[in-house]
Each structure stands twice: as structure tokens, then as C-alpha cells.
Amino acid sequence: MTESASTGGIPTPPSARRSYAAQVAREVLARWGARVGLAWIGLLVLVAVFAPFLASSHPLLLVQEGRLSSPVLAHLGAADLALLAGFVAAVAVAFGRPPWSRRLAVVLAALLVGGGGGALFLSPPDLVIHAQYREAEARGAYDWVLRAPVPYSPKDYLRDRGDTGLQPPLADPAHPHWLGTDVNGADVLSRMIHATRIALGIGFVATGIALGIGVVVGGLMGYFSGVVDMIGMRIVEIFEAIPTLFLLLTFVAFFGRNLYMMMVIIGLTSWSGYARYVRAEFLKLRQQDYVQAAVACGLPLRSILFRHMLPNGVAPILVAASFGVASAILAEATLSFLGLGLVDDPSWGQMLNQAVQSSTFNWWMALFPGGAIFLTVFAYNLVGESLRDALDPYLERKA
């Protein structure tokens, strides 16, 4: 039986045939703010994944005595392989039609397999001498060299060129640095490219931790209500009273500067907002007929909460998550700006801290890292606003 015949000869409109997720995605992408925000976030993802090939002191390819080699591949680590595997998996599943949960599972599995395989089979050298390829090329030791678009690694302090230090953009015509150099002489553009990994990583991982805890706690509070809801709300209020920045400062003082510790702390202190959203949605959904039917059928609690109720109450969580990623990025940038972030790894907040050195204002160290932070946070806010407009039935009804 055809689709039109099953509906009495009336063809089903295309909007009815699309899934709810597809309709939301279509409405979000119809807004220019979401398109601009997603375009910037997509650019950051591409830069983060291919950072070793975009900014590196190691040549991409070289020919020496007739032999072809790739030094940049020899210096790849487990994190590089994990990001490449996750990106390939994301592109592969993007053109299929499996559910979003299955697509996410495939990408996460690719990240884990890539990271595990990189840790087992890749062995980048512990001692890295960035100047060796420049010196060999100057001696004419190579027949042919292909370098990265930015031929400097983020930790290449150019010691072979003397004490360079802070230099504005294009100050040295012989060795131009498009965005200048930082206080240690490292190329700012290279450090900004590699810093996208920290910005995106801390945003997604911290928000993922907060979402996981908030959905579980909020779902239990909203479904059971009563005593469970009362105890859960007291726990939520306790965590809301904990200042995230001060807790981060305390952990840095006791346990040192660790990126993964920052992710965990930001995630553990920001789940209370998600729990409130899920609790409110589940309090409304628990009396719906399909929930009562699932309970009457004897389905397990896990299936009732996360398979039947959560997909129907996920709208406000997605909006809050987009703003949560921006908040996590700002938290890391604030900590790095205060000089309590990562020591040697590049970070936008750390570079922003170098805008004022020796009582002089270094405009390029304020403009470029600060602009990257602003644009990234603004992009997530644009996506969050578009999601809220697309998911809010009252706004749609007024329109």
C-alpha cells in the first residue's frame, strides 16, 4: 500500500515524513546566526584535527639522497591519531541514515580505538629539536622539502635565530610571522592553531561530564519526585553554591596544572543547571500516557527514563549545553589568563596574559587570542539562541 493510499488518498506532507531531529536541524540551519556559528565551530574543528599538518617545524615531506620521508608523521602522538580517526568516522557516518545515538557511538568508538592504537603503536621522540630541519635545509642537505603552511611548531622558540622574544606581526622580513611572536619567541599563529584543541576539548569534555551527571540526577528527581526530589534538590543547591573558579584555583595549588583535572572540575561543578532542566521536563512527562504505558508493560527504569522520556525532554538540555561549552572555554581562558593554566601547552588565555609585559601593551597578543575567544564564545551563543528559537513551541506559535 502506498503512502498516499494509507492516508485516504491525501499525500503526507514532507514535514510529517521527516523525523523530529531533522525538522529541528532544518529550522536551526534556516537562521543566519546558526549558520555563522556552525561555520566558525566547523572551521575550529578542522584546524584542531589537522593542526600538526597546518603548523609544524617538521616538514610534511622531504627527499634526501633520493629517499622520500615524512618527519611530521614520525612526530604524531596518540591524541593526533585519535582526532584523525574520530574525524574520518564523523565524516563517514554523516552521509548515512543511522540514528544520532548510533552515529555518536561510532565516533566515540573511533576516538577510543585511535587513541588506544596510537598509544600502543606510535612512539614519537621524547627529545624534539625543532631547528634541525631548518639547519639541514640551509646546508642543502635535502633535495626537496614540502613544509606546512605555518612552518613553526607551537613549542619552537627559534633558539637558532637568537633571542627573538616579542615581535609584532611581520617585524622580520626575512622570517615573517603573520601574527607576531610571543614572549618566548614562539610563533603566535602556530600556538593559536594548536590552542584550538584545548579550547574545543575542554568545552566538549567538561560539558559531556556535566550532561551525564545532570541527566541522571535530574531524571531520577523528576521521575520519582517526593523524598528523592527533595534530597536531590538539596544536593543541587550545594553544588550551585560552590564557586567553580575558586575550586579550580584550589586544585591547581594542590595538584598542579593539569588539563584533564580542569575538565573534570568544570564538569563536576556545572551539572546542577542541567539537572534542574531535566527534572522540570520529567515532572511534566511522568504523567503522560506513553510513560504510564511503559510502566504498565514492566519496562526497566533505564528504558523508561532514557529511551522514552529523555528524547521528549531533550530540547532545553541542548540549548543549555551550547551555552555550557562556551562557559567552559571561558573558565579555562580565565584560569590561563591569571597565570594558573597550562605551563607549556598553548592556550588562548595564556597568550592573552602576555598582552602586557614589562609595562608595555603588546596589541597583537591581545587582539588575536582575545578575538579567537570572543568569536568562539559568540558562535556557541548564536547556536544556542537558534536552538532555543527552533525548539520553543511558543515562539513558533507567535511567528
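This is a predicted model: local features need pLDDT of at least 70, side-chain atom pairs count only at pLDDT 80 or more; totals for chains, interfaces and linings use all residues.
1. The buried residues of helix 13 pack against helix 10, helix 11 (226–240), helix 12 (244–255) and helix 17 (315–337). Which residues of helix 13 are the buried ones? They are Leu259, Met262, Met263, Ile265, Ile266, Gly267 and Thr269, in a helix that spans residues 259–269. If you want to look at one piece of the helical packing, this is a handy place to begin.

2. Next, step over to the loop between helix 10 and helix 11, where you'll find Ser225. Is Ser225 buried or exposed? Its relative accessibility is 18%, so Ser225 counts as buried, because the cut-off for buried is under 20%. Setting aside neighbours within four places in sequence, Ser225 touches Leu220, Leu283 and Arg286.

3. Leu220 belongs to a nonpolar surface patch together with Val216, Phe224, Val228, Leu301 and Phe306. Between them, these residues have about 440 Å² of accessible area. Two elements each give two or more residues to the patch: helix 10 (188–224) and helix 16 (301–309). Helix 10 is the top contributor, with three residues.

4. Phe224 sits in helix 10, and with 40% relative accessibility it counts as partly exposed. Compare that with Ser225, which counts as buried at 18%. The reason for the two labels is simply the cut-offs: buried means under 20%, exposed means over 50%, and partly exposed is what lies in between.

5. How do the strands pair up? Strand 1 (residues 61–64) and strand 3 run antiparallel and are joined by three bridges, and Leu62 stands opposite Val145 in strand 3. Strand 1 also pairs with strand 2 in the antiparallel sense, again over three bridges. In that pairing, Val63 is across from Leu68 in strand 2.

6. Strand 1 and strand 2 make a hairpin with two residues between them. What is the phi of Glu65 in the turn? Glu65 has a positive phi of about 55 degrees.

7. On to charges. How many salt bridges does the structure hold? There are ten. One of them pairs the side chains of Asp345 and Lys155, at 3.2 Å from N to O. Asp345 is in the loop between helix 17 and helix 18 (348–352), while Lys155 is in the loop between strand 3 and helix 10, so this pair ties together parts that are 190 residues apart in sequence. Both ends count as partly exposed: Asp345 has a relative accessible area of 33%, and Lys155 is at 34% relative accessibility.

8. Arg234 pairs with Glu237, and the closest N and O atoms are 2.9 Å apart. Both residues lie in helix 11, three residues apart, which is about one turn of the helix. Arg234 is partly exposed at 40% relative accessibility, and Glu237 is partly exposed at 36%.

9. Last, stay with helix 11 for one more pair. The side chains of Glu240 and Arg276 form a salt bridge of 2.8 Å, N to O. Glu240 lies in helix 11 and Arg276 in helix 14 (residues 272–285), so the pair ties together parts 36 residues apart in sequence. Glu240 is partly exposed, with a relative accessible area of 40%, and Arg276 counts as partly exposed too, at 34% relative accessibility.

Methods
Residues are numbered from 1 along each chain as its sequence is written. Side-chain values use heavy atoms; hydrogens and water are left out. Patches are made of residues with over 30% relative accessible area and no salt bridge: like charges are joined within 9 Å, nonpolar side chains (Val, Leu, Ile, Met, Phe, Trp, Tyr) within 5 Å. Accessible areas come from the Shrake-Rupley method with a 1.4 Å probe; for residues, only the protein chains shown count as cover. A salt bridge is a side-chain nitrogen of Lys or Arg within 4 Å of a carboxyl oxygen of Asp or Glu. Helices (H or I, at least four residues) and strands (E, at least two) are DSSP runs, numbered from the N terminus. Buried means under 20% relative accessible area, exposed over 50%, partly exposed in between (1.4 Å probe, protein chains only). Two strands pair if DSSP finds at least two bridges between them. Contact means heavy atoms within 4.5 Å.
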